[in-house]
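Q: I am new to this structure and would like to go through it step by step. Could we look at it together?
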Amino acid sequence: MPAVGWRELVHLPELGLHEVPAKIDTGARTSSLHGIVLDRFERDGEEYVRFAVDFQRQQVRQVCEAVHVDRRGITSSNGETQQRYVIKTPLRIGELEFRAEISLADRSDMKFPMLIGRSALRRRFVVDSGHSWLQTPGLEVEKGYKP
């Protein structure tokens, strides 16, 4: 089973998002992406959600659309439960691509725009919390935890 480090660059190909900095967090059940929900709509009988992903460093806003799977209460790290939209979309970490449930949240005050939770990791990866970029081609593996 491949190992992931405590941080990786991941891809959400159907959303057109590539090399998204992600923190691996086994304490979180659901993965989370920084996305500001703009609206909900229906297409071909399916509910969709349109959301904006802001990349502060590059000063870029990307508008994405995805099938809206659910709206559920998610408890954040500070213990507050928020109602969040959940989408299901392909996620690629290293060479492995699979469909993952991802909640949309305001992560503008977080260092990483994406968090990968244990549901996405289960039976796919082991976590090596002492290293970074184990599944990120083009970046040199870093030892240690330096956020």
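Q: What does the accessible surface of the protein come to, and what share belongs to carbon and sulfur atoms?
A: The accessible surface comes to about 8,300 Å², and carbon and sulfur atoms hold 44% of that area. Accessible areas come from the Shrake-Rupley method with a 1.4 Å probe, and for residues only the protein chains shown count as cover. This is a predicted model, in which local features need pLDDT of at least 70, side-chain atom pairs count only at pLDDT 80 or more, and totals for chains, interfaces and linings use all residues. Residues are numbered from 1 along each chain as its sequence is written, and side-chain values use heavy atoms, with hydrogens and water left out.

Q: How many helices and strands are there?
A: The protein has 1 helix and 13 strands; these are DSSP runs numbered from the N terminus (helices H or I, at least four residues; strands E, at least two). Along the sequence, the pattern reads β-β-β-β-β-β-β-β-β-β-α-β-β-β.

Q: What about the core: which residues have the most contacts inside it?
A: The largest nonpolar core has 28 residues, and those with the most contacts inside it include Leu-15, Leu-33 and Phe-51. Such a core is a set of buried Ala, Val, Leu, Ile, Met, Phe, Trp, Tyr and Cys residues joined through side-chain atoms within 4.5 Å. Among the elements that give two or more residues to this core are β2 (7-12), β7 (60-75) and α1 (118-121).

Q: And Leu-12, is that residue buried or exposed?
A: Leu-12 is buried, with a relative accessible area of 0%. Buried means under 20%, exposed over 50%, and partly exposed in between (1.4 Å probe, protein chains only). Leu-12 belongs to strand β2.

Q: What does Leu-12 touch?
A: Not counting residues up to four places away in sequence, Leu-12 touches Leu-17, Leu-33, Thr-89, Pro-90, Leu-91, Ile-102 and Met-114, where contact means heavy atoms within 4.5 Å.

Q: Changing topic, what is the phi of Glu-19?
A: Phi of Glu-19 is near 55 degrees, a positive value in a residue other than glycine. Most residues other than glycine have a negative phi. Glu-19 lies in strand β3 and is exposed, with a relative accessible area of 52%.

Q: Where is Trp-133 found?
A: Trp-133 sits in the loop between β12 (131-132) and β13 (142-143). Trp-133 has a positive phi of about 65 degrees, and is buried, with a relative accessible area of 11%.
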